[in-house]
Amino acid sequence: MTDQTKTVSPEADKDVSPEAGKDRVVIFDTTLRDGEQSPGATMTHEEKLEIAGLLDDMGVDIIEAGFPIASEGDFRAVSEIAKRAKQATICGLARAHIKDIDRAWEAVKHAASPRIHTFIGTSPLHRAIPNLTQDEMAERIHETVTHARNLCDDVQWSPMDATRTEWDYLRRVVEIAIKAGATTINIPDTVGYTAPVESADLIRRLIADVPGADEVVFATHCHNDLGLATANALAAVAGGARQIECTINGLGERAGNTALEEVVMALKVRGDIMPFYTQVDSRKIMNISRRVATVSGFPVQYNKAIVGKNAFAHESGIHQDGMLKNAETFEIMRPADVGLAETSIVLGKHSGRAALRAKLKDLGYELAENQLNDMFVRFKELADRKKEVYDEDLIALMRAGEDEA
Ligand code: KIV
Ligand code: ZN
């Protein structure tokens, strides 16, 4: 018998998986915490458990399940999610107060992999609220991160409004948090103020300048006030961040947070220029997007990237004709990659003969050229009056034509 291992060429040892040569980016989902903080997006206990289960199942690494001190309901939800989690780390948020941190720990400690996330606003505007001097705040950070680390091996610390914090002070407090035992340093762009070049630069400078920075993971947490949340998150990754904080459908306060589906698909589709990957199963995106829209009561805008109703829909004749010949003409992702059965060819006044013929064929009508011409005229008349022409409309037009004949 031949020894197979000896006949295999060195080429066969090469890793040809889509992840080969790429760095992993950890996905931290905060739909149930920052997302649920959107005015009006409150979810019930059962709904939170369902969403957490879907996040866990799709391969999200860390689920920020809530803010345990905020309410009895949040505490209960975080505790229950922690008990049920199968693979994800479960995180609870806490302000820089010992009682908050204790409460967060009480909730997450049931998880196989628990995390405490503690934060304080470090920019001048935010320091003015508790009226703390820079030194007093530095002392508070040291005390609270040390306390969290004594409870839990996995501690995330965030300087809220980091992107509007003075550079010297930011550098100083990040160093304090690392020395006190933080294992992840999250840099929030709390008010969506930063721009992509700045976002990358800030992370790069922190990693280069802060002693101990290479021992921790840097995270990016972006808000979408200027519509830049996804761009800023990806720029931060280029700068060295290896955790992206995001929410399903970009749910979040004001204009929302970085959308999970956007960063996951951007890294998947453009891995050629962004050599990073996540372990999220993108085929589960559409289902969770719909569930989050339903339970939060926040519908997804039609033209929302990846999950909007029109993200894989085509109405214009030129696009439809291209799509019928080769889907890559007007789509950079396959609908199946995000869990959608198929592209939708919407018939309306911009549609052409090729799409009408294809749709009629789907409905069981094979028309000769002169019949199609006749039908096309009647279809256009109807499309001028109606935004969208549905299958039933076409069937009615066909029947009316048959009656006339
Ligand atoms: O936007 C923000 O700064 C936050 C922190 C609590 C991380 O959500
Ligand atoms: Zn936030």
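**Helix packing, barrel and ligand**

Helix H3 (residues 45-57) and helix H4 (residues 72-84) pack with their axes 10 Å apart and at an angle of about 35°. Axes here are lines fitted to C-alpha atoms, for helices over the stretch in contact, and angles run from 0 to 180 degrees between N-to-C directions. Helices (H or I, at least four residues) and strands (E, at least two) are DSSP runs, numbered from the N terminus.

This is a predicted model: local features need pLDDT of at least 70, side-chain atom pairs count only at pLDDT 80 or more, and totals for chains, interfaces and linings use all residues. Residues are numbered from 1 along each chain as its sequence is written, while chains are lettered from A and ligands numbered from 1 in the order in which they are written.

Let us turn to the barrel. Eight strands close it in the order E2-E3-E4-E5-E6-E7-E8-E9, with parallel pairing; two strands pair if DSSP finds at least two bridges between them. Neighbouring strands of this sheet are turned by 25° against each other on average, direction ignored. Strand E5 (residues 114-121) pairs with strand E6 (residues 155-160) over six bridges, in the parallel sense. Within this pairing, Phe119 stands opposite Ser158 in E6.

Which residues are around ligand 1? Phe119 and Ser158 are among them, together with Asp34, Met160, Pro188, Thr190, His221 and His223; the criterion is a C-beta atom, placed from the backbone, within 6 Å of the molecule.
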